[in-house]
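Please read this note beside the sequence and the structure. It is written as numbered points, each of which can be checked in turn.

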Amino acid sequence: MGRKFLVALGGAVLALSMAACSGGGAGSGGDKSGDKPGDLTIGVSMPTQVSERWIADGNAVKSKLEAKGYKVDLQYAGDDIPTQSQQVDQMITQGADVLIIAAIDGTALNSQLQAAAAAKIPVISYDRLIRGSKDVDFYVSFDNYKVGVAQGTALLVGLGLLNKDGSKGTAKGPLNIEIFAGSLDDNNTQYFYGGAMDTLKPFIDNGTLIVKSKQTTPEQAAILRWQQETAQKRMENLLTSSYNDGSKVDGVLSPYDGISRGIITALQNAGYGSGAKKLPVVTGQDAEIASIKLINDGVQGSTVFKDTRLLADQAVNAAEAFLQKKQPQANDTKTYDNGVKVVPAYLLPFATVYKDDIKATLIDSGYWTAEEVAAGQAKK
């Protein structure tokens, strides 16, 4: 999948100011600017509590809204689409003033969004773009194509083909890699995959990297619901089908830390990481504490850190703007076409984290403590 195919996946320049809205969309009605925060309710719909990332997101959004005095209805859907649909329906029925939604399936909430628009409830799509609806008012996320580029680059750095400064490394091919992608019902999957594969493609084309299984399409590489156990099973199958001739895996592109841990478990069960059979380089995303420990221990190669505190801040800013009958100023108004409209977006920065970045990027910023990194567990 080339950059040209993902036509509008360009970067954005950050901007923090608010601008007055001329109207239109679900957020144009129901002036709440004179209401006190305590009289207003924000519905927050998160996909799952299985991933610690989404727990952190939900808690961050809730605590920041409550600190400003708003009432918050936070619901987790257990990665079940009908449950999320029902929960959003209930938020609308109970009179939510704004909805912040991280969708399980980016195409499954159209009727709920129509109901929100009819009730003049603004809808903020949180990190995962809701597709196929004109009733999405705003999108807060990261530049997910560039996240994919960062993951592909981290794999090349881990393999020694590139240095961290982007210069050519000392490693020589051919090197065997395998490709994993996220869940196909998550709009971000295509962006992560596109950015990563555009980065790796020159090395695959010239024979430096070999995908021994030949499974390189997003459909072949996808892991439904981003599940760790599904990733482990796929890696086990790849090892059985493509590496039963004595060859070894040198690197694995993984788009998410939970998937990475499943991959690593399969590799360790197959004898990697013991004796002369060293573990392959494995990438990741979300800086989950269990994977940060693995990176610190030299087991996982890297992760992409997307600061959920900053994302929560932008969701809160957007919600407040809508309640004041304003439009949050987007820093990207071209990229995120959901199939019906281009949704104005605010994109945040991210950072690639290798072992020597853990202290400066995660511990010094207060995201994780040194004790949590050492234990691989978040404090309750």
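Predicted model: local features only at pLDDT ≥ 70, side-chain atom pairs only at ≥ 80, totals over all residues.

1. Packing of helix 2 and helix 3. Two packed helices are described by the angle between their axes and the distance between the axes. Here, helix 2 covers residues 81–93 and helix 3 covers residues 110–118; their axes come within 10 Å and cross at roughly 10°. Angles under 35 degrees count as roughly parallel, and helix 2 and helix 3 are therefore roughly parallel to each other. On the side of helix 2, the residues that meet helix 3 are S85, V88, D89 and I92, while helix 3 contributes Q112, A115 and A116. By class, this contact of helix 2 with helix 3 has 4 nonpolar, 2 polar and 1 charged residues.

2. Q112 belongs to helix 3 and counts as buried, because its relative accessibility is 5% and the limit for buried is under 20%. If neighbours within four places in sequence are left aside, Q112 is in contact with S85, V88, D89 and I92. The side chain of Q112 makes a polar contact of 3.1 Å with the side chain of D89. A polar contact of 3.2 Å joins the side chain of Q112 to that of S111.

3. Side chains of opposite charge can pair when their charged atoms come close. The structure holds 19 salt bridges. One of them is between the side chains of D127 and K306, at 3.8 Å from N to O. D127 lies in the loop between strand 5 (123–126) and strand 6 (138–142), and K306 in the loop between strand 11 (303–305) and helix 10, so this pair ties together parts that are 179 residues apart in sequence. Both D127 and K306 are buried.

4. The pair R128 and D186. A salt bridge also links R128 with D186, and the closest N and O atoms are 2.8 Å apart. R128 is in the loop between strand 5 and strand 6, whereas D186 is in the loop between strand 7 (175–179) and helix 5 (188–205), so the pair ties together parts 58 residues apart in sequence. R128 counts as buried because its relative accessibility is 8%. D186 is likewise buried, with a relative accessible area of 4%.

5. The side chains of K248 and D250 form a salt bridge with an N to O distance of 2.5 Å. How exposed or buried are the two partners? K248 counts as partly exposed, at 39% relative accessibility, and D250 counts as buried, at 14%. Elsewhere, salt bridges that share partners join R53, D57, D127, D286 and K306 into one network.

6. E320 in helix 10. E320 is placed in helix 10, which runs over residues 308–323. E320 counts as buried because its relative accessibility is 17%. Residues up to four places away in sequence not being counted, E320 touches K68 and Y70. The side chains of E320 and Y70 are joined by a polar contact of 2.8 Å.

7. V50, an exposed loop residue. V50 lies in the loop between strand 2 (41–46) and helix 1 (52–67). At 68% relative accessibility, V50 counts as exposed. V50 and Y76 are 26 residues apart in sequence, and their C-alpha atoms are 9.8 Å apart in space.

8. Backbone points to inspect. Most residues other than glycine have a negative phi, and most peptide bonds are trans. Which residues are joined by a cis peptide bond? G173 and P174 are joined in this way, with omega at about 0°, and P174 lies in the loop between helix 4 (144–159) and strand 7. D127 is not a glycine, yet it has a positive phi of about 65°; D127 counts as buried because its relative accessibility is 2%. A287, also a residue other than glycine, has a positive phi near 50°. The place of A287 is the loop between strand 10 (281–282) and helix 9 (289–296), and A287 counts as buried at 0% relative accessibility.

Definitions and conventions: Residues numbered from 1 in each chain as written. Heavy atoms only, no water. Axes fitted to C-alpha atoms, helices over the stretch in contact; angles between N-to-C directions. Helix = DSSP H or I, 4+ residues; strand = E, 2+ residues; numbered from the N terminus. Parallel < 35°, antiparallel > 145°, perpendicular 65-115°, else oblique. Contact = heavy atoms within 4.5 Å. Nonpolar A, V, L, I, M, F, W, Y, C, P; charged D, E, K, R; others polar. Buried < 20%, exposed > 50% of the residue type's maximum accessible area, 1.4 Å probe, protein only. Polar contact = N/O pair within 3.5 Å; in protein donor to acceptor, adjacent residues only side chain to side chain. Salt bridge = Lys/Arg side-chain N within 4 Å of Asp/Glu carboxyl O.
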